[in-house]
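Please keep the sequence and the structure in view while reading.

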Amino acid sequence: MIEAGEQMPDMDLTAPDGSTVKLSDYHGKKLVLFFYPKASTPGCTTESKDFSALLPEFEKAGAAVLGMSADSPKRQQNFISKQELTVDIASDESTDFLEKIGVWAEKKMYGKTYMGIIRSTFLIGPDGKVLQSWPKVKVKGHAEEVLAAVQAV
């Protein structure tokens, strides 16, 4: 997994409306990049709603927030609409970006092995370098912890 001090790679990702979004679109400001396994599942919904609720505080601290999964743009759009999310969301259906930064990995649940996203968050500086990372995130209180880190930078 990409670590603090490393440059976050830039790739074409897909916004829910089908347009292209790149991490370099956020250069010049801090970026909180959080990865969730699957839109509209309980943990992912809670995490995304928590980041959305705190978005004004993140913006006040000079940071944008971008959530990402391998879900289709249509599924992401439904997720945003149903949950009234205010954070930016992107898709990487190909998983190329997810693999490149190390959040796409083998997982196990109920005795089955499959490939999926490791719930992770990265704080990226205005220059595109990772300032801090949170691998294997536990949802409860996570958005608040990330906000405190953003405010401290």
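Helices (H or I, at least four residues) and strands (E, at least two) are DSSP runs, numbered from the N terminus. The model is predicted, so that local features need pLDDT of at least 70 and side-chain atom pairs count only at pLDDT 80 or more, while totals for chains, interfaces and linings use all residues. Residues are numbered from 1 along each chain as its sequence is written, and side-chain values use heavy atoms, with hydrogens and water left out.

**Aromatic pairs**

Across the whole structure, a search finds 6 aromatic pairs, where rings of Phe, Tyr and Trp (its six-membered ring) pair if their centres lie within 6.5 Å, with planes under 30 degrees apart counted as stacked, over 60 as edge-to-face and the rest as tilted. Two of them are listed here.

| Pair | Centre to centre | Angle of planes | Class |
|---|---|---|---|
| F35 and F122 | 6.0 Å | 80° | edge-to-face |
| F51 and F58 | 5.8 Å | 40° | tilted |

F35 in strand β3 (residues 30-35) and F122 in strand β8 (residues 120-124) are 87 residues apart, and their pair links distant parts of the chain. F35 counts as buried because its relative accessibility is 0%, buried meaning under 20% relative accessible area, exposed over 50% and partly exposed in between (1.4 Å probe, protein chains only). F122 is likewise buried, at 0% relative accessibility.

**Strand β6**

M109 lies in strand β6 (residues 104-109) and counts as partly exposed because its relative accessibility is 41%.
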